[in-house]
Amino acid sequence: PTIAESDARQNLSIAPIAEGRLALIPEGGGQKETLCYEYQCEHDGTYFVYIDAMTGAETEILYVIDDVDQGQSLM
């Protein structure tokens, strides 16, 4: 990564509930992967927010859906 986790945290649009951790996320229909900081956040539900570890840009926001029959899924 070219930016520190503390700098990535400042670019979040939702307040995190845990420290950021590095993750590779697929992009472009699975054609490439991007190194990001992953943050679990809470705001009227649970979200995972991804900040690009090279640019500091917010890359992805996924909402966690809890389902009694199927468990958790991301949208």
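Me: In what order do the elements of the protein run from the N terminus on?
Reply: This is a predicted model. Its elements run α-β-β-β-β-β. That makes 1 helix and 5 strands.

Me: Why is Glu 5 called buried?
Reply: Its relative accessible area is 18%. Buried means under 20%. The value of 18% falls under that cut-off, so Glu 5 counts as buried.

Me: Where does Glu 5 lie, and which residues is Glu 5 in contact with, leaving aside its neighbours within four places in sequence?
Reply: Glu 5 lies in helix α1, residues 5-9. Its contacts beyond those neighbours are Glu 19, Gly 20, Tyr 37 and Tyr 39. Contact here means heavy atoms within 4.5 Å.

Me: How many aromatic pairs does the structure hold?
Reply: The structure holds 1. Tyr 47 and Tyr 63 form it.

Me: What makes Tyr 47 and Tyr 63 an aromatic pair, and why is it called tilted?
Reply: Ring centres must lie within 6.5 Å. Here they are 5.0 Å apart, so the rings pair. The planes make an angle of 50°. Under 30 degrees would be stacked, and over 60 edge-to-face.

Me: Why is Tyr 63 called partly exposed?
Reply: Its relative accessible area is 31%. Buried needs under 20%, exposed over 50%. The value of 31% lies in between, so Tyr 63 is partly exposed.

Technical notes
Residues numbered from 1 in each chain as written. Predicted model: local features only at pLDDT ≥ 70, side-chain atom pairs only at ≥ 80, totals over all residues. Heavy atoms only, no water. Phe/Tyr/Trp six-rings, centres within 6.5 Å; stacked < 30°, edge-to-face > 60°. Buried < 20%, exposed > 50% of the residue type's maximum accessible area, 1.4 Å probe, protein only. Helix = DSSP H or I, 4+ residues; strand = E, 2+ residues; numbered from the N terminus.
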